[in-house]
Amino acid sequence: MSPHAVQPTPGSPRLGLDFNKFAVTRNAFLPEKSPVHVLSDPYYQPWEAVGQNLARLIDDGTIHDAIRQLPILSVDKLVSEAEWRRAYTMLAFMTHAYVWGGDKPEEILPPQISVPFLKVSAHVELPPVLTYAAANLWNFTCQGGDDFSDLDKLRLCFSFTGTESESWFLLISVAMEAKAAGILQTMTTALDAVKARDYDGVVAGLEELRRCIDSVAQLLERMYEKCDPMTFYHRIRPFLAGSQNMAAAGLPRGVFYDEGDGRGEWRQLRGGSNGQSSLIQFFDVVLGVEHNGHGDKKHASFHQEVREYMPGPHRRFLVQVARMGSIRELAMVASSSETDAQKRLRDAYTAATTALTAFRQKHISIVTRYIIIPSKQPWQGKTGKQNLASSSSTSKDDEQLTGTGGTALVPFLKKARDETMEAGKLQRRQ
């Protein structure tokens, strides 16, 4: 178990919020137990045969034939939420392998994938695309225990490349989520303390939050240990791309989800992105960090838009937490005679936002090493695919590089960092 995890008394309400209602576990947004490693009914063996062998099928150039030859399977034999999640994850990986696994992108997703994927996606309240939930939250198994923050015990369920770099890249995020598990209970307790003007309670929560963010940042920095930048950029990253803003990559209309018998729909969806992590948005919510959209407050920010790419219960949890109160507002309360308690609160709040700002700066450093620098270097390995990597490499301007979530990558990350720093100044927003 994560060292931060808090074990509640069985059956007892937790801090005014029913965490079970929001699919929040002792591992926060990760499942309570290690995800299932196979769908139990042999009926789904055709899916498993393709899903567990994606890297080989892609390398052999047979991925398209393998998927077209699948039967259109019913979803009625999925027997648990864990199986629905595995089905969603497997179909998401198969979708992206089909779209991006050839010499050029495939615009039409066949009914063998579209029909069940749309039904499974509706059940888990996610769009039919590779989301952070599919790539990270539900795409691992833990061997020899239930401490999901221990990278040595984590294994990937599905992989496009079968490389250590891909496994390490995706599992780092799993460990980061697990490392922060107990902070959800800690900070909802701190938000309850806001209402009572319990400064000590709020300060204690903020100090724990700062330590938590620092520990998550330390895990992020381990990316360099086993993930090769060139392998990531040229072999792994292309498969994470969605179909939104992908005209330059060969998908001007997005992807057509063919449901057979002349039915179907063109869809333009974002790809998998760490911006879809409910944990990182939880940090923003409890600290009152606001992210504006497109340079102003009139448009929804990317952070708001990508909540639709989080499991439904998780995004409803974030809404509920935002309604509990504002630590930032309490920290900004002006007083002619400032008390020690108010000063400690402001100092603790500033320290927490500084830690989150530093975390976002570390993310920018990762992007520089794994995306910006490789985008300027020729790839000597097996390639030739027209995809996000090759299309975004055509621009010499770092500001024009596109993220897998469909955003202008560098400006978005810098803006998020600066907005976090600004929140820490405790000044009234204009």
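Thr141 belongs to strand β2, which spans residues 140-142 in a predicted model whose local features need pLDDT of at least 70 and whose side-chain atom pairs count only at pLDDT 80 or more, while totals for chains, interfaces and linings use all residues. Residues are numbered from 1 along each chain as its sequence is written, and side-chain values use heavy atoms, with hydrogens and water left out. Strands here are DSSP runs of E with at least two residues, helices are runs of H or I with at least four, and both are numbered from the N terminus. With a relative accessible area of 15%, Thr141 is buried, where buried means under 20% relative accessible area, exposed means over 50% and partly exposed lies in between (1.4 Å probe, protein chains only). Its contacts, which are heavy atoms within 4.5 Å, include Ser34, Pro35 and His37 as well as Lys153, Leu154, Arg155 and Cys157, once neighbours within four places in sequence are left aside.

Gln52 sits in the loop between α1 (45-51) and α2 (54-60), and its relative accessible area of 45% makes it partly exposed.

From here the description turns to a sheet. Three strands form an open sheet in the order β1-β4-β5, with mixed pairing. β1 (108-109) and β5 (263-267) stand at its edges, and because each has a single partner strand, one side of each is left without a neighbour in the sheet. Two strands are said to pair if DSSP finds at least two bridges between them. β1 pairs with β4 (residues 255-260) in the parallel sense over two bridges, and Ile108 has Phe256 in β4 as its bridge partner. β4 and β5, by contrast, pair in the antiparallel sense over five bridges, with Asp258 standing opposite Gly264 in β5. These two strands, β4 and β5, form a hairpin with two residues between them, and Asp261 in the turn has a positive phi of about 55°.

Helix α5 lies across β1, β4 and β5 and runs at about 90° to β4, where axes are lines fitted to C-alpha atoms, for helices over the stretch in contact, and angles run from 0 to 180 degrees between N-to-C directions. Gln112 lies in this helix, α5 (residues 111-124), and is buried, with a relative accessible area of 14%. The C-alpha atoms of Gln112 and Gly260 are separated by 9.2 Å, while the two residues are 148 residues apart along the chain. Beyond neighbours within four places in sequence, Gln112 is in contact with Ile67, Arg68, Leu70, Pro71 and Ile72, and a polar atom of its side chain lies 2.7 Å from the backbone oxygen of Arg68.

Another residue of interest is His363, which the UniProt annotation "binding site", from an unreviewed entry, covers; UniProt positions are given in the numbering used here, feature names are shortened, and annotations may be inferred rather than shown by experiment. His363 is found in helix α16 (residues 340-375) and counts as partly exposed, at 25% relative accessibility. Apart from neighbours within four places in sequence, it is in contact with Leu220 and Leu413.

For the protein chain as a whole, there are 18 helices and five strands, and buried residues make up 57% of its 430 residues. Of the contacts with a separation of 6 or more, 79% are between residues 24 or more positions apart. The mean pLDDT, the predictor's confidence in each residue on a scale from 0 to 100, is 89, and 87% of residues reach 70 or more. Over residues 1-15, however, the pLDDT is below 50, and this stretch has 30 contacts in the model beyond near neighbours in sequence. Residues 386-396 likewise stay under 50 in pLDDT, and for them the model has 31 contacts beyond four places in sequence.

Key: A polar contact is a pair of N or O atoms within 3.5 Å; within protein, one must be able to donate a hydrogen and the other to accept it, and residues adjacent in sequence count only if both atoms are side-chain atoms.
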